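Biologist: I am new to this structure and would like a close look at one part of it. Please take a pair of packed helices, and then go on to the spaces in the model.

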Amino acid sequence: MQNAMSSTFQAPLQVPLSQSGNLRRQINFNVVKRRPMVAAASVNVEVNDAARGSAGGLGRNNKEVMEAEKKLLVGTYNRAPVVLASGKGCKLYDAEGREYLDLSSGIAVNALGHGDADWIKAVVDQANVLTHVSNMYYSIPQIELAKRLVACSFADRVFFSNTGTEANEAAIKFARKFQRHSNPDSKEPATEFVSFTNSFHGRTMGALALTSKEHYRSPFEPVMPGVNFVEYGNIEATRKLIQPGKTAAVFVEPIQGEGGIYSATKEFLQFLRNACDDAGALLVFDEVQCGLGRTGYLWAHEHYGIFPDIMTLAKPLAGGLPIGAALVTEKVASAINYGDHGSTFAGSPLVCNAAIAVLDKISNPAFLAGVSKKGHYFKETLKQKLARNPHVKDVRGLGLIIGIEFDVSATPLVDACRDSGLLILTAGKGNVVRLVPPLIISEQELDQAVEILCKTLPVLDSNSN
């Protein structure tokens with residue numbers, strides 16, 4: 001019997017794959033070729049060889065991969081012309097082995113950089129035990145992560161999702177359900193929302209409705225109705241919009257990332273807290289980009305000492321694996337019942353175990369102090385080095401979320417920096433450079449970034465003519 005079973009399980013490995021009659025095109029199963037492992041004496045060479053080898057059947061040059069992308073993927077992304085194949089720490093390598101200093105962090109995701117040993121161990125260990133079971137069942141990593149998030153925040157409970165936009169969708173639903181729960185005799189409970197100029201809350205239909213940039217919304221209108229936009233930081237204008245029986249919640253980013261690295265004032269956030277309390281509305285802090293240590297505080301709102309009813313998280317929480325979370329008070333959670341919301345993949349054992357590894361590191365007070373120190377050093381160095389450049393209008397931010405505003409488009413500078421081995425992002429109206437490096441970056445690497453920025457700044461002179 002054992003021999004029979006053994007041959008049964010081995011047989012599929014010995015039989016060649018057959019063509020499927022259900023496919024529109026025949027697939028050449030020999031396209032992907034295995035490359036031999038190459039040993040290297042130099043650490044840098046070894047990383048570069050790994051980068052080249054990982055391209056698999058597509059070969060080793062950037063152009064070939066980019067041409068394949070044009071034919072195979074829906075054209076939703078205007079990608080930079082580089083094919084990233086591997087990374088270590090704050091360095092990335094393209095398919096041809098070229099090195100880049102990463103100050104984009106996968107859009108503020110890779111807080112621990114690339115290839116963190118503890119994160120890898122958490123992923124591999126959990127993958128060997130249990131990856132996914134759905135939320136039909138209990139799983140230990142999900143509870144352990146929730147326990148940590150509650151312990152280190154204002155929140156009493158957690159709802160897990162897969163992305164930041166999903167976390168904001170949950171906050172929208174929770175806010176409306178809270179209003180119905182809190183006003184059971186009202187025929188028309190509050191359903192409207194207040195959001196702000198330069199805001200970005202996601203690309204799904206509810207979160208998109210809360211996002212101020214019209215070009216994101218207009219191709220997909222009508223989006224969710226009932227959202228009122230007002231100038232970020234304008235207390236008097238906002239006061240007129242937050243109304244009892246009408247406003248379900250106010251959504252605000254304590255520091256706007258995609259909008260241009262604008263920080264709220266303590267006075268403004270305190271006003272929002274008081275106004276929401278007076279109107280019976282919920283205050284939602286979107287910390288998808290600015291939360292989890294990026295400001296030098298674990299949560300950006302801790303800098304102000306003002307706390308929300310709901311906080312949405314995502315980007316860095318699982319170190320590059322998809323996760324989102326809505327952290328809520330017991331007051332909010334009491335309005336939510338079985339079946340009110342859900343997700344198949346959210347809170348999986350694999351992703352939650354990775355997130356535990358990330359959160360345990362980032363929440364360490366010494367780690368956060370290091371982020372504050374490096375952020376201050378970086379911003380002051382930038383101010384000093386860029387002070388005399390006529391195109392620089394402002395250098396702003398907190399911790400390691402920093403924006404440099406120019407009087408012209410920053411795109412030529414981003415391109416020039418990439419050609420010089422530095423990866424940075426734009427924000428705002430395209431005239432702001434967004435710097436969101438891994439939180440583990442060294443001062444030496446920050447100096448290197450400043451050097452490249454200064455060297456490439458002259459490209460803006462030709463752009464301004």
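Modeller: Helix 5 and helix 13 cross in a right-handed sense. This is a predicted model. Helix 5 covers residues 117-127 and helix 13 covers residues 349-362; their axes come within 8 Å and cross at roughly 155°. An angle over 145 degrees counts as roughly antiparallel, so that is how helix 5 and helix 13 lie to each other.

On the helix 5 side, the residues in the contact are Asp118, Trp119, Ala122, Val123, Gln126 and Ala127. They meet Pro349, Leu350, Asn353, Ala354, Ala357, Val358 and Lys361 of helix 13. By class, this contact has 9 nonpolar, 2 polar and 2 charged residues.

Pro349 of helix 13 meets helix 5 and also belongs to the lining of the largest cavity. The whole structure has 1 cavity of 30 Å³ or more, and the space in the largest cavity is about 50 Å³. Its lining has 13 residues, with Val133, Ser134, Gly347, Ser348 and Pro349 nearest the centre. Of the lining residues, 5 are nonpolar, 8 are polar and none is charged.

Open spaces are a separate matter. The second largest pocket holds about 930 Å³. It is lined by 26 residues, and Asn135, Gln142, Val158, Phe159 and Tyr338 lie nearest its centre. Helix 6 (140-151), strand 4 (157-161) and helix 12 (330-333) each give two or more residues to this lining, and strand 4 gives the most, with 4. The lining of this pocket divides into 14 nonpolar, 10 polar and 2 charged residues.

Conventions: Residues numbered from 1 in each chain as written. Predicted model: local features only at pLDDT ≥ 70, side-chain atom pairs only at ≥ 80, totals over all residues. Heavy atoms only, no water. 1 Å grid on protein atoms, 1.4 Å probe; cavity = no way out; pocket = protein on both sides within 12 Å on 5 of 7 lines; lining within 4 Å. Points joined across faces, edges and corners; volume = space filled by probe spheres on them. Nonpolar A, V, L, I, M, F, W, Y, C, P; charged D, E, K, R; others polar. Axes fitted to C-alpha atoms, helices over the stretch in contact; angles between N-to-C directions. Parallel < 35°, antiparallel > 145°, perpendicular 65-115°, else oblique. Left-handed = near helix turned anticlockwise from the far one by under 90°. Contact = heavy atoms within 4.5 Å.
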